[in-house]
Amino acid sequence: MTKPSLPDLLHAAVSAVGGTERPGQAAMAEAVAEAIDDNSHRLIQAGTGTGKSLGYLVPALAHGERVVVATATLALQRQLVERDLPRTVDALHPQLRRRPQFAMLKGRSNYLCLHRLHEGAPQDEEDGLFDQFEAAAPTSKLGQDLLRLRDWADETETGDRDDLTPGVSDKAWSQISVSSRECLGATKCAYGAECFAEAARERAKLADVVVTNHALLAIDAIEGAPVLPQHEVLIVDEAHELVSRVTGVATGELTPGQVNRAVKRSAKLVDEKIADALQTASETFERVMELALPGRLEQIPEDLGYALMSLRDAARNVISAIGATRDKSVHDEDAVRKQALAAVESIHTVAERITNGSEYDVVWYERHDRFGATLRVAPLSVSGLLREKLFEDRSVVLTSATLKLGGDFNGVAASLGLSPEGVEGDDVPLWKGLDVGSPFDYPKQGILYVAKHLATPGREGTRGDMMDELAELIEAAGGRTLGLFSSMRGAKAAAEELRGRLDNPILLQGEETLGELIKNFAADPKTCLFGTLSLWQGVDVPGPSCQLVVMDRIPFPRPDDPLMSARQKSVEEHGGNGFMAVAATHAALLMAQGAGRLVRASGDRGVVAVLDPRLATARYGSFLRATLPDFWYTTDRNQVRRSLAAIDATAKADGE
């Protein structure tokens, strides 16, 4: 039997989902197939509307070996598993003569734990476990969430938190879930045979395509204990997010509350002397943290160093002692011991990492009004880790709408541990970049307007001229505005000010769930939606409700961001341009994602307005503009108001 051709398979899949074949999608599918066949790596930029999911799923399914697809957002995971994969598998079945299986796999804490549900959660003050359903008042929000979870446990087939609608608070979920460290293991657990997390792993082992998230991919790479099944091909979608997700997984933290909980959980399981040593170390650490001021610690202060060494040593002794003791008087002793061990091991790991003082780690204090001080440690760079762990023994395809920064792939490639394109050498993974473009006609569909006449934004204080400009733009557009702010404080200030000045309803992130806000924004063209980071990349509202996207300023990292400033300094010490490599690259990625909110369909029209003159006047402005879609560019404020008014009039005439 002749092997079906890739164009025929792609045609069948696109028809099945009711889509339109795009030249960019075909080029992407060919590039993915080529990478799989010759076991090489690709970075593929595929603009909004390309249909990139099918661009990689079709060649992956045709290949026949196991493929892992890792995404950053829950929305895309759901789209793949609930829509794209079922339809594509059905469409390809007649030609492939087989029906590839697919499954979703997440970290253990995403699944309901039946042991926790039935036997209880750890209680810090008393022996053993307590019944969290009895402890929470049924009238409280927590109590209501827990009762709903108990009912849901009887009907869910997956136990996956994301299948629970509406969702519950993190606090409620933590009562009925466990981390991989806390898990008893299927063979020791009374509920092992029914375990949702184990069932998900078993499904993944049998699947041809495993859909997971960046965090689990990072855990699989960093911790060395394989979580994902063996696979020949890795496809990383939303790859612009990968470095920050891997950094998050590789970041450790210590707080006095966390240490205190570990002390309480382990106290009854070890002899008094060992327990007292951890208690004393905990109190010393708490005293140091009371005086902690936010910022990077280039050297570990003597008092903190002493407190961490005491914690490390006391935690090590507790870990050894817990491993050697049994206490049958404790209810469900194995679970209690595992919970305590996980809590103490976590403290030991972070304390040891900071006291070892690697030059490749950044350590800093953070301070929160409600929760007090946190000590954090993160890798200066994850590029070496990614080069070593990601690109070995498999073909890797990384794709996103934004991978080219300033006109080429080399900036993103460097953050992934890759050399510039075409550079060969020992231990250097070879890769090729491909930009398949976008089906949209950006110069005709959108305008990039830079408010060159405004004052340069300072670090503090309200920007009166910016508020006036924003109000005028919204009025010209008739609402229809997505306001992207570089800080929550900026978003709140703008919402408060403009609610008093304009008739348009203004929704603010945090005042309702994100899904609800986006639904309300899409439903009423007069409405505006203001918010911060998750809105820069999480909003998909085609049509007349989103015809003006405003960025209040270039979203550089804060100058006092410990990790970003450390990374910038490191690049400079090695002879590079730290500002361009770190701050400008960070801003370029966010701006490209933000600008991508405007044109989501071939009929969309509108304006991206940047209320920061530096995009037009600063030397790095051209680098940032080269990263954005190829909109028609202007700094003429009167022209942009006329254009917005015309777009508004057309939308009204078309009956919206």
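Two strands count as paired if DSSP finds at least two bridges between them. The model shown in these views is predicted.

**View 1. Pairing of strands β2 and β7 in the predicted model.** Strand β2 covers residues 67-71 and strand β7 covers residues 233-236. The two strands run parallel and are joined by four bridges. In one of the residue pairs, A70 has V236 of β7 as its bridge partner.

**View 2. The open sheet of seven strands.** The strand order is β3-β6-β2-β7-β12-β1-β13, with parallel pairing. Strands β3 (102-104) and β13 (431-435) form the edges, each pairing on one side only. On average, and with direction ignored, neighbouring strands of this sheet are turned by 15° against each other.

**View 3. Helix α4 packed on the sheet.** Helix α4 comprises residues 74-96 and touches strands β2, β3 and β6. Strand β6 spans 209-213, and the direction of α4 makes about 165° with that of β6.

View 4. The relative accessible area of V246 is 4%, so V246 is classed as buried, the cut-off being under 20%. Leaving out residues up to four places away in sequence, V246 touches A218, I222, V382, L385 and L386. For one of these contacts, V246 with I222, the residues are 24 apart along the chain and their C-alpha atoms are separated by 8.8 Å.

Key: Residues numbered from 1 in each chain as written. Predicted model: local features only at pLDDT ≥ 70, side-chain atom pairs only at ≥ 80, totals over all residues. Heavy atoms only, no water. Axes fitted to C-alpha atoms, helices over the stretch in contact; angles between N-to-C directions. Contact = heavy atoms within 4.5 Å. Buried < 20%, exposed > 50% of the residue type's maximum accessible area, 1.4 Å probe, protein only.
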